[in-house]
Amino acid sequence: MPLVTNFDTVIGLEIHVALLTESKFLCSCKTSFGAPPNSQCCPVCLGLPGTLPLINEKAVEYGAKAGLALGCEIHYFSRFDRKNYFYPDLPKAYQITQDAFPLCTNGFLEYYVDDQLFRTEITRIHLEEEAGKLIHSGQSIVDSEYSLVDYNRAGIPLIEIVTAPDIHHPKQARLFLEQLRLLMRYIGVSDTKMEEGSLRCDANISLKPKGSSVLGTKVEIKNLNSFRALERALEYEELRQSQVLSGGGVVRQESRTWDERAGKTMSMRSKGDAPDYRIFPEPDLPPLNLDPVWVELIAANVPELPLARLRRLERDYGLSRYDATFLVNYPEFCELFFQVAERGLGYEDVVNFLMGDYARLAREKGHLSAERISELLTLVDEGTISQGQAKEVLSSLFSSGLSPREIVQERGLEVVDDPGRLEPVIREVLAANPDLVRRLQDGETKLYGFFVGQVMRATQGKADPEVVHKLLRGELGK
Amino acid sequence: MRQLAHMLDTRQATSREIVTRYLEQIAQQEPQLNAFITVDEDGALLQAEEADRRRAEGRALSPWDGIPIAVKDNISTAGLKTTCASRFLENYRPLFDATVVDNLRQAGLPIIGKTNLDEFAMGSSTEYSAYGVTRNPHDLSRVSGGSSGGSAAAVAAGEAPWALGTDTGGSIRQPASFCGVVGLKPTYGAVSRYGVVALAPSLDQVGPVATTVEDTAILFSLIAGPDRRDASSSEARPFQVPRWDEQFVTGLKIGVPEEFFGEGLDQEVEQAVRKCLAELESRGAVLVPISLATNEYAIDTYLTLVTAEASSCLARYDGVRYGTRVAAADSNTMFSKSRAAGFGSEVKRRIMLGTYVLSASHYEAYYEQAQKVRTLIKRDVLASFEEVDVVITPTTPTPAFRIGAKRNPLEMYLSDLFTAMANLSGIPAISVPCGKDSKGLPLGIQIMASHFQEELLFKVAYMVERGCL
């Protein structure tokens, strides 16, 4: 990455999150992803003449929940506005959004960048409706012979989250967005899949002379379809702007689009071409007047958030940052961890187990119950089976309906440490190798290993090697 | 209407016979009047036969089951063309019924046709219809008023017993006054707007047009009430047709705002209204001179808000999903060519005005200012109802004018001078005939009351109907 030594970078993000409501924002159409084109639309979301919008209360609830999770002030009074512009994917030629009176303001998000805690202010969160989706016969709407429109997406509820311009590195921007995605998943308001468009991010970036308090001219970057794209586009733009400025040039205020294949940003439109959205209060919808008790109930339903969980895992369970981060990032694993840990097993053993072969198998075949996992770990813990045997039991747990103990029994997997059962086997092995016994007794102690191995083989690996070793010493020391 | 209902009830007539009679009237008069854009002969007869069947089986949906109705062509009727008098929607057939149409169907009213209007309800004469002007039945050289001119003319000419109109700044009351029929602009929120093609959502209301006050009240009772599909519809209780009682007028305080009797008011209109007020006074009402000074700003405020909202509401007519589409190389050109071909000149004028008043550099000076003035007007109006029960004014400054007489749009806008105030403040207002001028042209009187006081309005209107014709 190039060094941008003479400048401070200032980044602000605008994030659109599609809410996971069952029906759309302003009508009762379904919102499921991947349905046949135009199978989930109705007169309202098609904007047919005379239709009227109705607010989906669940969308307001999810918006407020997101605001509460981000420490925002929730406004009991908020209002809807019309943002007017023409585009074939926008059925009413205006978007119902919140401009002057958003649902939430003044929040923040904390997240780690290389073990350092950062905090980014959230300026506002507002509700709005999604547009439809265009499928072009060519590359874009400009060079296409025709474009098809799918209105399934039109009218899905979105929240737009706007950060303050207080992010200073491309990597920080990516980590912020990753943490935000995790948070949205924790509170269950969105599946936040960038590849499906349920999480989208535009970035504003400007450079200013190091230490200066005056912000430089900002550029908006669009078409960022992955976390990697966000970071790369910002890195590219940081370098581009620093070169322009270092060369005595001026950065133009404009919107640029990220070209993933070319690996660069390209000018879309300058400030002068920016549309005038003619925003005014939405006359078809009364303002929202939230009941404070309703908001309190939503607040009570906000679960433990990622950062709080990370701290709890470190503090109460003594886990390393690495282990705790794994659990925080994979909530289903974390849930299992809590359940298994409750049964008196070593915390680190449990995490190691979950992060090991189990993680790979669970991702392919789905999770096991906490009961099965703790039974398996207990078998190892109490010495009934060895680590190696545990692996074998684990893989058959995913396919059979048997419990770990039943598998151990069925396969005869157990650790034999009863001297009464081991001594006859040892005597047999010694009797079969009189020469080697003599050499060992003459001081060639490394031959203990050989004899332990022979006993293990004779017991199909069930013998406890430590016990065998002890018994061998006793036998040969006579 | 009670007579028609009685005839149906006592089997002196069938719905089919009644509908046929109206269809004959339509066939006879339409060549001169042009009150309808679409006459649904087959559909109306089919609905009439169903009504007759229901009645024969003793399961009539309402006392009015089988009595036909005309519906303004900006109110959606499933499967029946709803053009809004625009070329743009020449072949548009809605997939759904407006809630008010649904209400009519629930009561068993066959829909006989869709009436003419100014394109997208923008105008006061139906001269801006893409389907030709509707002539006034009382004088074919004159306009029927607008924008609900088709509904008022159809009812006045006996082409339909009653009709639905819409009123954004006077679009029911002014044509009712011009055509000598009764027309109500209900309280904002009293009637669902779902399925009514928007002109200006914060002002639009659907209302009844009929020949008598009672019929108007009956029709209002069929369409009033909350609708969960319209967030602006009110939870107000359903309306019931009142008992007509002539005594209540004793002590009734009638506000007479001086501002409505000044310059520009036709002398014969003034005389008729004053005579009517004197009549009410002689029956025991108390006339209270009041001031509604903010009416001076009503038209400017109204035009600013209406054009702003309309410019946004009409943006959806882009040729993408339905309506006129003119092919072009790129989407922006397709939008503009389609809109240029589909819209008439008044619509284009208002879209441009509305776009201007909402644009970033003029928003504060126009749109925001108009919203503030609207609040002042509303306060002014509500304050007057602290003093008086109703306010009475002329409905329009003049009787019906000649077709083509108002070439200047500003002159046309002044037709709403006395009516826009009710829309801006959301109160109900009714126009009732109060005689004719020396040329035989109908004159109308407007009664306004506070929010949800329709019952009071009807009772006063009933007195006017008894005493002033």
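Predicted model: local features only at pLDDT ≥ 70, side-chain atom pairs only at ≥ 80, totals over all residues.
## The domains of chain B

## An open sheet in chain B

Next, have a look at the strands of chain B. An open sheet is formed by 11 strands, in the order 1-3-2-6-8-7-12-13-11-9-10, with mixed pairing. The edges are held by strand 1 (36-39) and strand 10 (286-290) of chain B; each has a single partner strand, so one side of each is left without a neighbour in the sheet. From one strand to the next, the twist averages 30°.

Strand 7 (residues 182-185) of chain B and strand 8 (residues 205-210) of chain B run antiparallel and are joined by 2 bridges. Here Gly183(B) stands opposite Val209(B) of strand 8.

## Helix 9 and its partners in chain B

Helix 9 packs with helix 12 (residues 364-387) of chain B at an angle of about 130°, and their axes are 9 Å apart. That angle makes helix 9 of chain B oblique to helix 12 of chain B, and their crossing is left-handed. From helix 9 come Ala298(B), Thr301(B), Thr304(B), Leu305(B) and Ala308(B), which meet residues of helix 12 including Tyr366(B), Tyr367(B) and Arg374(B). The residues of this contact divide into 8 nonpolar, 2 polar and 1 charged.

Helix 9 of chain B also packs with helix 11 of chain B, at an angle of about 100° and with their axes 7 Å apart. These two helices are therefore roughly perpendicular to each other. Among the residues making the contact are Thr304(B) and Ala308(B) of helix 9 and Arg350(B) and Leu353(B) of helix 11. This contact has 6 nonpolar, 5 polar and 1 charged residues.

## Where the chains touch

Which residues bring the two chains together? The contact takes 25 residues from chain A and 32 residues from chain B. On the chain B side, helix 9 (298-313), helix 10 (331-342) and helix 11 (345-358) each supply at least two residues. Helix 9 of chain B gives the largest share of that side, 3 residues. The chain B side divides into 16 nonpolar, 8 polar and 8 charged residues.

## A look at chain A

Chain A is divided into domain 1 (7-297), domain 2 (306-410) and domain 3 (419-476). The centres of domain 1 and domain 3 of chain A, taken over C-alpha atoms, are separated by 71 Å.

Strand 13 (residues 254-259) and strand 14 (residues 264-270) of chain A pair in the antiparallel sense over 6 bridges, with Glu254(A) opposite Ser270(A) in strand 14. The hairpin has 4 residues between its strands, and Gly263(A) in the turn has a positive phi of about 70°.

Key: Residues numbered from 1 in each chain as written. Chains lettered and ligands numbered in written order. Contact = placed C-beta atoms within 7 Å. Nonpolar A, V, L, I, M, F, W, Y, C, P; charged D, E, K, R; others polar. Domains from an automatic or database assignment. Pairing = 2+ DSSP bridges. Axes fitted to C-alpha atoms, helices over the stretch in contact; angles between N-to-C directions. Parallel < 35°, antiparallel > 145°, perpendicular 65-115°, else oblique. Left-handed = near helix turned anticlockwise from the far one by under 90°.
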